[in-house]
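Welcome! Have a look at it first, and then read on.

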Amino acid sequence: MKERKLYYLLYLFIAATFIFFNVGCSEDETVTPPVTINETEELIKYLEGTDGGYINNAAPAVVAATAVNTDILAGANITVIDVRSAADYALGHIQGAVNVAIADIVTYYKNNNLSSKTKVYVTCYTGQSAGLAVAALRLSGYTNVFSLKWGMCSWAYPTSWNNAKLYGQTNPITKQMTANAKNTAGSLPTFTSTGKTTGAEIFESRLATVLTEGFTAIGVTRETVFANLANYYIVNYWPVAEYDQGHVEGAIQYTPKSDLKLATFLKTLPTNKTILVYCYTGQTSSQIATFLRILGYDAKSLQFGANRLFYDTMPGTKWNEATEFMNYPVVL
């Protein structure tokens, strides 16, 4: 009986000692609070890097059909990716081109070691949706990727671009000559937390979201825009000199490779309104809109750009079938 009592007392002593030391340690320990990061800011810093990144240096990385054809004839170490529908691809495509869905473009590039290629050319119908694919790959760090200028219209099927041109005399939207001021700088956009902590991880998650949304979330027609023009914050992605020659009513000028940096005017873009980016052809603006959507902005690209607004009087790049359509062969 005495032994049982002794064991019981020893048990109480050990339990009390355990509680004492644990309570004492918990009071003495400094609890480190979880690190809170601004995911958008981390993402922008990652994409800008030390030199401004792809958008502020090399975008839009577009090449003419003649350059692609020259490489094919020379047997160069290239890959051509066609992001059109499987049905249209089957009706005729560039020799050697592979058909890849935009949602799978980055995975396909990685799985097939396309960084070993001298050039990777991406084509679509008109150069618009290929802009999404090229931006995705370039922002991922793959510097050998280029978009085929004018898409398959320059290669074999010019109809889409021939129909896209719209002359000023039939356009109810007149070109404005006065400049419009940028917004006052505000906050960065937010997006559903990725749960990641590094810029690279956040980018990978955001890119997957934008690729899944596809080009239908980015491209917008002139007819849709001008039905409700006031719904958009309109970004004219031209140099000042060409903006001053005339622009869409209400459009605000942003200088390419300069004004969409964290240190310049990126924060002047609104987070509570759809941003419409337009350029000369829509081939650059689709890449800019892709970049902005990755950052969390509600951004869209005006399809066919100014060619679809005031073709006859616009500055910059124009579609001209006589000089841009090469009529190169296709294979089935």
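Asn-56 sits in the loop that runs between α2 and β1 (62-63). This is a predicted model, and in it Asn-56 has a relative accessibility of 6%. Buried means under 20%, so Asn-56 counts as buried. A polar atom of the Asn-56 side chain lies 2.9 Å from the backbone oxygen of Gly-52. Leaving aside residues up to four places away in sequence, Asn-56 touches Lys-257, Ser-258, Leu-260 and Lys-261.

Next, a helix. How many of the 11 residues of helix α6 are buried? The count is 11 of the 11, so α6 (residues 129-139) is largely enclosed by the rest of the structure. Among these buried residues are Ser-129, Leu-132, Val-134 and Arg-138.

| Element covering α6 | Residues |
|---|---|
| α2 | 39-48 |
| α5 | 105-111 |
| β4 | 119-123 |
| β5 | 145-148 |
| α9 | 199-213 |
| α12 | 285-295 |

After α6 comes Gly-141, with a positive phi near 100 degrees.

Finally, let us turn to a sheet. Five strands make up an open sheet with parallel pairing, in the order β6-β10-β9-β7-β8. Its edge strands, β6 (219-220) and β8 (252-253), each pair on one side only. The parallel pairing of β6 with β10 (residues 299-302) runs over two bridges, and Gly-219 has Ser-301 in β10 as its bridge partner. Helix α12 packs on this sheet, where it touches β9 (274-278) and β10. The direction of α12 makes about 175 degrees with that of β10.

Notes: Residues numbered from 1 in each chain as written. Predicted model: local features only at pLDDT ≥ 70, side-chain atom pairs only at ≥ 80, totals over all residues. Heavy atoms only, no water. Buried < 20%, exposed > 50% of the residue type's maximum accessible area, 1.4 Å probe, protein only. Helix = DSSP H or I, 4+ residues; strand = E, 2+ residues; numbered from the N terminus. Contact = heavy atoms within 4.5 Å. Polar contact = N/O pair within 3.5 Å; in protein donor to acceptor, adjacent residues only side chain to side chain. Pairing = 2+ DSSP bridges. Axes fitted to C-alpha atoms, helices over the stretch in contact; angles between N-to-C directions.
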